[in-house]
Amino acid sequence: MNTFKKLTAVVIAVMLTLSMCITGISASAAAVSDGTRVVYLKPNSNWLKDSARFAVYLFQGSTNTWTDMSDEDGDGYYEATLPEGEWEKIIFCRMNPSTTTNGWSNKWNQTSDLDIPDDMNCYTVKDATWDKGGGEWSLYDPENPTEAPSTEATEGTTKQVIEGDPDSYYLFGYINNANYACEEDADNAGEYKFVDNQVTATFDADSYVAVKKGDNSAWYMTEGWLGTTVTSALLKNTTAITGEANKLYVPAGVEVTFTLVDNGDDTFTLSYASATDPTGTTDPTEVTEPTEPVAVDYYLFGSINGANYGCEEDYENMGDYKFVDGKLTVEFTEMSYVGVKTTDNGAWYMTDGWLGVVNEATLYNTSTLGENANKLVVPAGEVNFTLVVNDDGTLTLSYESDVVPTIPTEEPTDPTDPTEPVAVDYYLFGYINGANYADGDDYANMGDYKFVNNEVTATFTEISYVGVKTTDNGTWYMTDGWAGEVTEVTLYNAAGLGETADKLMVPAGEVKFTLTVNANDTLTLSYTVLSEPTTEPVETTVPATEPTTEPATEPTTEPVTEPTTEPTTEPAENVTIYFAAPRVAPGRTVWTDVDIYYNDTTSVIKSNRIHMTDTGLVIDNPAGANLKTTRRGNWHVFSAELTADQVNAIDSAKYSGFVYAGNYNLKTSAKFDIKMGGSIADFDGQVFLIDGAVTNSEVDSYTGAWTTEQPFEPEYKATTLKFACPTQNWSGGVYFYYGDSSVITTVTKLEMTPSGQTYTVDDSLVSSLTKYVGGDWEVYTLELTAEQVEIIDNSSVSGFCSGSSIYVKTSSARNVFRDYNSVSDLANYTFVATNCVKADQEKASLTGKWRWCTL
């Protein structure tokens, strides 16, 4: 434990003791910090996924600030020191790890607005929840924790290791608040052995279980999270699971009997019932408080009739929209966005991303979706729903209606925000009179510019830039790209605009605004100048600070150089241009198809497209290593042969670029001119190489340059791959894995062969690790064909894992070839694990170095 945390513990204990003596045990309306007060966060397993980082948001009236959280000693508790001042509320946030700045656009999940108690310092996020799902405050002393701060076994652990029968099956999982017979305890078969297909157990804490063979040769888990309502689940071999492998929930405090049925197709059915009532009529959770009935009902939830219904702040409400025999009829007063949840919020089902206007959708358990979770849009009027429960744990939701919903083509990506409150007021925000107003660091301020009867008059001392937001920052509306010096614009929901979100420029002087609310979730904002400024205003540069509830955008001043409307050179009859599709980092979408886009709007989905063809050639792009979303190496080259008419169309368009054809959010920045101020014909025969990005997310705002370097035929050579296998905490041999998903259960695995030779690892190489020491590590090899090398070189994910457990591995968030052009470049090297991504999950997130090794 670090010294700082020890000292902080003493200070906190003294401060809280004094506070309780003076005020008693109570929550304070405003917490006071002298700059040394520390709060802690204990995330649940959901919040810990995807290498998320954490931050706190504090506010008092219009004053607010963000503070990073860290877990320097790896004890599972994240801490933050509250800045000096009075703070009315705190919000703990799960943040996008690919960003370093804090803001609502980088937030993945959050708690509710929480009071900061005088007598408590640690907030624990409730199990199996994501957003605002509840939790509780407690008093945490880092010197004397009241519970095991980590599920990792420590040096002093004396847990009994039971040798398993290779022909028998055993329960494993997160049992009684610790990993049991899995992860760091995988060598332990455990005491829960099935005899005659049954085993009886009583758990002291809510637990999550699955089944493995006694020799760890096969592991069987659920495909996705099934919720807390089920007592029977289909378990699949983890090698066959294409989504997220998960476990079956079992309540605490009741003796239950598990039954395991072999289905004969390498799957099992695992079920349980109360051991005291084998008929199943006794609810197994009755010793505590019943959490769910065994029978499951399904309910509609979402942003319904302009407000959250059965979700967010209303999540405890199951609502009136209950499916009966898979049918439900609802009369909507306005366009709505819906998903499905089960009895007592046991499981939530949503779409995998925004689907647009469709009348049938597959809904997935939200535990497998993360930030991609979204809803199905339905029109106003009478809607007849049909719900089908599928065998793979998904739902199919469809509807019939005489009306087709009319909505913006780019729907908000935050599935939990209502599109507009039922009763809503509108306010101007922006860069006003030389400072952020109701925007950026001042976003919590609604401001004085409230529209009354759709009008508001303001006096600006200098040129300003404005948008419109609704009550309590419910929705932000901005222009789709820079509109220029105009007096009327259409404003779109900013959540659907991404980097193209911009503002309307208004002159200094007294200005009267008029707002029209349109039926398609857009606004029309216009203005009239009532009095001219006394001097000609000088246009200012808008800082690149955007509302914290919308995506980060570039400065919203008009581009210094407008794209030319006429080509600078007369195009030849045909012009051929090339684009190098990026090799991507793990977890990023592989560019398998490319289009050129062009139009007078920055919205790519509304643009014209020209499809490009894969040439089969490659080009080396060393600059790929400069970005977090791409990697260096030979990038595949796509081409498009443009006619004179197409050249003129692209040249005449205000915006143009390259986009992955399968997802309009993966693209070069609409605000980056690929014509470089000239004509696209100027780059006949040249290749566009990505070398930078505008926004933190990078993928929707790439920039680059043209090169006259010529593409070439790729050469893939057969090679030998080598891995030095640690002598500790690694069993069952070694597998090499690769694919285009960072979900380890979906990748291709190839078994490696022991070479009979060792590589000597010095202790200093592994000094950053706690579960591994140096020594003579056996080298495993794998012969790869040229065809396999080609596939692996173009995969986003690759690494090594144990033959006994898919959870002992190099990190699937790091490609082991990330800094190399090809696997074949490493024929004379072996991979050695030397570090890890997450200290509390060391064995599952190993990283390392390639070391010279010739056998």
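I began with strand β30, residues 395-400, and found it mostly covered, with five of its six residues buried. I note that the model I am reading is predicted.

I then looked up the partners of β30. Strand β26, residues 360-365, pairs with β30 in the antiparallel sense, and I recorded four bridges for this pairing. Within it, T362 stands opposite T396 of β30.

Strand β29, residues 381-389, also runs antiparallel to β30, and six bridges join the two. Here I located L387, which stands opposite L397 in β30.

Next I asked how many residues lie between β29 and β30 in their hairpin. I found five residues between the two strands. In the turn I noted G393, whose phi is positive, at about 85°.

As background, I recorded that strands of a sheet pair through backbone hydrogen bonds, either parallel or antiparallel.

In which order do the strands of the three-stranded open sheet stand? I read the order as β51-β50-β54, with antiparallel pairing. The edge strands are β51, residues 748-751, and β54, residues 797-802; each of them pairs on one side only. From one strand to the next, I noted a twist that averages 25°.

Finally, I examined the pairing of β50 with β54. Strand β50 spans residues 734-739, and six bridges link this strand to β54 in the antiparallel sense. For Y737, I identified G799 as the bridge partner in β54.

Note on methods. Residues are numbered from 1 along each chain as its sequence is written. This is a predicted model: local features need pLDDT of at least 70, side-chain atom pairs count only at pLDDT 80 or more; totals for chains, interfaces and linings use all residues. Side-chain values use heavy atoms; hydrogens and water are left out. Two strands pair if DSSP finds at least two bridges between them. Axes are lines fitted to C-alpha atoms, for helices over the stretch in contact, and angles run from 0 to 180 degrees between N-to-C directions. Buried means under 20% relative accessible area, exposed over 50%, partly exposed in between (1.4 Å probe, protein chains only).
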